[in-house]
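Thanks for coming. I will take a few residues and a few helix pairs in turn. Please keep the structure open while I talk.

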Amino acid sequence: MARRFVIVGGGLMGLSAAFHLRRADPGAVVTVLERERVGAAASGASAAGVRVMGRDPAERALALASLARWPDLDRELEAPTGYRRGGGLRLALDDAAWGAAPAWVAEQRADGVPVDLVDADAARRLAPGIAPACRGGVHCPMDGQADAMATVRAFATAARRLGARVEEGAAARGLAVERGRVAAVERDDGRRVAGDAVIVAAGAWTAALLAPLGVRLPIETRPLQMLLTEPAPAGLAPVLGAFDHKLSLKQLDDGAYLIGGGWPARVTDHAANRYELREESVKASLETARTVYPPLAGRALARGWAGLEAFTPDDLPMIGPVPGIAGLVIAAGFSGHGFALSPMIGDVLARLALGDEAKLGSGLTLRHLS
């Protein structure tokens with residue numbers, strides 16, 4: 001009999017899991033339940049950075065494995081993600097940051113992260129126009145960027161092509177557990193979708209779904225702001241950041257600048273995935289970006305948005321089987337930096353659901369469960 005898998009959440013992690021499940025077991029019945037539309041929450045609102053530089057040691061092996069797949073991901077999915085590897089550059093704008101940079105580089109290189117210290121002249125060759133105060137920076141040629149919604153659609157298209165059923169407008173109301181094993185997902189419309197295993201990758205709504213089972217996840221929802229400028233002539237190839245500054249700056253293919261960095265918006269209706277931008281965050285984000293990269297000073301803001309992100313106390317995701325409930329696997333709490341990991345997270349989730357061994361690296365476990 002074909003094995004049945006139900007995935008709650010049509011963001012990148014759920015869609016990647018569906019793709020990997022069908023690729024690993026073409027006979028499996030795989031159903032993705034998405035309450036709105038694919039990518040409607042954090043995945044589609046992401047800054048879409050594809051980076052290994054600056055990650056926690058617990059994530060580095062997973063990030064390196066994911067970044068190794070990104071250059072061929074369009075071919076693998078047979079759909080465009082908008083990916084390009086332009087590198088990443090983190091600037092030191094004062095003597096203190098520049099003095100600390102060598103140790104920061106050495107610590108990452110010890111784990112195989114390809115980062116290099118570059119002086120001010122080299123930094124300006126990589127990113128002409130950066131702040132005059134720049135003392136130098138750290139460059140990672142492996143880093144890059146993609147298009148958030150294009151990547152969501154690519155994984156959805158690939159999962160469907162392989163035979164997964166991706167249902168939009170299908171909200172999950174709860175999980176049915178029988179004799180210590182997950183048995184089905186109960187939908188809001190009263191229907192029940194049976195599964196031999198269930199993967200919950202519902203982002204900021206994961207904790208509420210698991211709470212009735214006595215599973216407590218210490219997840220906090222934070223809406224992270226993104227800003228987009230009007231297009232400008234091409235001038236910035238790497239993803240730009242700066243030590244001690246909240247900034248992630250990219251120039252997109254159409255010339256517009258995408259500005260992130262973790263500036264907060266305000267949740268107005270968590271259940272409905274609604275938010276509003278905060279004037280102080282918009283102002284501070286723009287000022288920071290223009291300070292680090294002065295060519296932005298003359299660029300008008302086109303629009304802004306936010307994504308409701310699930311954060312854990314240590315900013316590391318919780319990935320793995322749920323103790324005491326056989327067949328239940330979760331991936332939650334990516335804390336604003338999960339986008340780049342999606343190729344390998346989907347692979348890991350699929351192997352866990354299939355009962356295979358999946359090595360996550362130190363730290364990425366369900367250590368927060370109580």
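Ser-248 counts as buried, because its relative accessibility is 19% and buried means under 20% relative accessible area, with exposed over 50% and partly exposed in between (1.4 Å probe, protein chains only). Before going on: this is a predicted model, where local features need pLDDT of at least 70 and side-chain atom pairs count only at pLDDT 80 or more, while totals for chains, interfaces and linings use all residues. Residues are numbered from 1 along each chain as its sequence is written, and side-chain values use heavy atoms, with hydrogens and water left out.

Back to Ser-248, which sits in strand β15, residues 248–251. Helices (H or I, at least four residues) and strands (E, at least two) are DSSP runs, numbered from the N terminus. The side chains of Ser-248 and Lys-250 are joined by a polar contact of 3.0 Å. A polar contact is a pair of N or O atoms within 3.5 Å; within protein, one must be able to donate a hydrogen and the other to accept it, and residues adjacent in sequence count only if both atoms are side-chain atoms. Leaving aside residues up to four places away in sequence, Ser-248 touches Val-239, Leu-240, Leu-258, Ile-259, Gly-260 and Gly-261, where contact means heavy atoms within 4.5 Å.

Next, Ala-256, in the loop between β15 and β16 (257–260). Ala-256 counts as buried because its relative accessibility is 2%. Its contacts, again without residues up to four places away in sequence, include Leu-228, Pro-231 and Lys-250. From the C-alpha atom of Ala-256 to that of Ala-120, 136 residues apart along the chain, the separation is 25 Å.

Now the helices. Two packed helices are described by the angle between their axes and the distance between the axes. Axes are lines fitted to C-alpha atoms, for helices over the stretch in contact, and angles run from 0 to 180 degrees between N-to-C directions.

How do α1 and α7 pack? Helix α7 covers residues 148–161, and the two axes are 8 Å apart at an angle of about 30°. α1 and α7 are therefore roughly parallel to each other; that label applies under 35 degrees, with over 145 roughly antiparallel, 65 to 115 roughly perpendicular and the rest oblique. The contact residues of this pair divide into 9 nonpolar, 2 polar and no charged. Here Ala, Val, Leu, Ile, Met, Phe, Trp, Tyr, Cys and Pro count as nonpolar, Asp, Glu, Lys and Arg as charged, and the others, Gly among them, as polar.

α1 (residues 12–24) also meets α10 (residues 342–354), with axes that come within 7 Å and cross at roughly 55°. That makes α1 oblique to α10. This contact has 11 nonpolar, 4 polar and 1 charged residues.

Ser-16 is in helix α1, and at 0% relative accessibility Ser-16 counts as buried. Among the residues that Ser-16 touches are Phe-155, Pro-343 and Asp-347.

Last pair: the axes of α3 (residues 57–69) and α10 come within 7 Å and cross at roughly 110°. That makes α3 roughly perpendicular to α10. Leu-62, Ala-65, Ser-66 and Arg-69 of α3 make the contact with Pro-343, Met-344, Ile-345, Asp-347 and Val-348 of α10. By class, that is 6 nonpolar, 1 polar and 2 charged residues.
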